[in-house]
Amino acid sequence: MDSEDSELYSNEDEDEDGCAGMFDDYSDDGGCQASDGSDIGDASDFKREKRKDTYEKEGPLADLGKALSIVQGNRGEFSFGGKADFLPPAPGLEIEGIGRVVLPLIDEQVAERIIDVCEQAPFGRGRETLVDTSVRNSWQLDPSKIKLTNPDWATGIQRAIPIIAKKLGVEGTPLTLHPYKFLLYKKGGHFTKHRDTEKEDRMFATMVIQLPSVHQGGQLQVFKDGSEDPVIHDFGAAAGTAEYRCNYAVHYADAEHAVTPITDGYRLALIYSICWPVRSSHPAPTTADELYPALLKPLAELANADRAFHYYLKHEYTYHSMSDIAFGSLKGEDRARVQSLRTANEYLPPDQRYNFYLLQGKRHASYFSEDYTTWNVKEWALVEEPKYKYGPLLDLEGKQLRKSYPTLADADVLNPDHQSRYQRWSGHRTKTYEGSLGNEGAHQGLDISQVSASRLASKVDG
Ligand SMILES: O=C(O)CCC(=O)C(=O)O
Ligand SMILES: [Fe+2]
């Protein structure tokens, strides 16, 4: 394998906005990235990118994509939940400075006393942590400030782990659950669409446990791949059990989700981060054996032609999860597809086999609008060509190859889902707004930096 170790960020200049550090602009404090609901830049950018899209529609790379498109693997459920049978209905909630809180919470005075010891929950936008009740309106406490005194609580959380692992399609994996926040919503409380960011190393999913609550509204909506049709978690509302037991929901942290407004009562929830075990080596899901001939033929042709290719992972990954556990951190479909490629690769003659690598990329685009008045502006124009930066190659064990910062050409993309370039990059976004302040009618600018999904790149050995 001769890695291209010549250039650092090979295809573009450093951008000038201070985001030269590849992985430094995740939001941490708020724990969440707000998406403000507007489609800034999307329409015009999408059209442009579509026109320019150059991925191969026929030939061995396209055939390999076609064979891979049916690999779904043991994807697990994208978001699930329901009755938390594994937890006791009376958790024994104690709040520092308040004492024992009887559930469900209905007494307004008690609720206000709890609110007094809480802080208004913030959210992350770019590098900032903001409080804006039009985006997020709830009250939060650090888990160190609460106790769940029922001893069945801790054992119940442990009992949840194999259930969650199985539903996520990673049965047998010793996931860990870490309490992240206690949340209280009252009438008017809500949280607009957002993604959760990494709060702990190796966090990849979120569990919401709703404590016995009497309230109206406050459903959790989880959106799949930009779909407008969410999975809805009502935490026992329709079944009439919300007030008598704990209910839960799990979703991948990178899935967009929202909490609809609470229209009456109080909703209490505990948020847990779901994390991969350190240095996990659990078995990969299996794919059907009959698949390999279909993968093998185009893969062999590509190897013969000494052709490198790359694949855009579909889930979001943080730099930490990538470098810590690499292949072990891949989720659902990504995991199944990479594993299928690896298995097919084993059938190639040793001197033709591929090496597989992971790398993370970043796309930066600037937009401009003249009619900027709110965040709902429809017409944004690209100011200049988007810039792309790629991090170093990591092997599937997460080891960094020294000085290997490749450039990825569109012509070499393995694209099983026929995604446009814009779609391939439409993962995690950080939006920053810039404008001339206090100058009515002035032109306004907008930056969008996208932290892309990580990449799988591969190069012919030898
Ligand atoms: O309250 C909930 O159900 C979810 C809250 C949430 O999305 C978050 O804290 O990031
Ligand atoms: Fe969230």
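This is a predicted model: local features need pLDDT of at least 70, side-chain atom pairs count only at pLDDT 80 or more; totals for chains, interfaces and linings use all residues.
The phi of Asp306 is near 60°, a positive value in a residue that is not glycine. Most residues other than glycine have a negative phi, and most peptide bonds are trans. Asp306 is exposed, with 10 other C-beta atoms within 10 Å.

Phe235 also has a positive phi, near 50°, and is likewise a residue other than glycine. Phe235 sits in the loop between β16 (231–233) and β17. Is Phe235 buried or exposed? With 29 other C-beta atoms within 10 Å, Phe235 is buried. The backbone has a further feature to look for: a cis peptide bond between Leu103 and Pro104, with omega at about -5°. Pro104 belongs to the loop between β4 (99–100) and α3 (108–117).

The interior comes next. In soluble globular proteins, nonpolar side chains tend to be buried together. The largest nonpolar core here has 50 residues, and among these Ile209 and Ile274 touch the most other members. Which elements give two or more residues to this core? They are β9 (139–141), α4 (151–167), β11 (176–185), β13 (203–210), β15 (220–223), β17 (247–252) and β20 (267–275). Setting aside neighbours within four places in sequence, Ile209 is in contact with Ala84, Leu87, Cys246, Tyr248, Ala269, Leu270 and Tyr272. Apart from this core lies another, made up of 21 residues that include Leu61, Ala67, Leu299 and Ala303.

Leu61 and Ala67 can be followed into helix α2 (residues 60–69), whose buried residues include both of them along with Leu64, Gly65 and Leu68. Viewed down the axis of α2, the buried residues fall within an arc of 165°, so they line one face of the helix.

β15 and β16 run antiparallel and are joined by 3 bridges. Within this pairing, Leu220 has His233 of β16 as its bridge partner. β15 also pairs with strand β18 (residues 256–259), again in the antiparallel sense, over 4 bridges. There, Phe223 stands opposite Glu256 in β18.

Terms used: Residues are numbered from 1 along each chain as its sequence is written. Chains are lettered from A and ligands numbered from 1 in the order in which they are written. A nonpolar core is a set of buried Ala, Val, Leu, Ile, Met, Phe, Trp, Tyr and Cys residues joined through C-beta atoms within 7 Å. A residue is buried if 20 or more other C-beta atoms lie within 10 Å of its own, exposed if 12 or fewer, and partly exposed in between; C-beta atoms are placed from the backbone. Two residues are in contact if their C-beta atoms, placed from the backbone, lie within 7 Å. The arc is that of the directions from the helix axis to the C-beta atoms. Two strands pair if DSSP finds at least two bridges between them.
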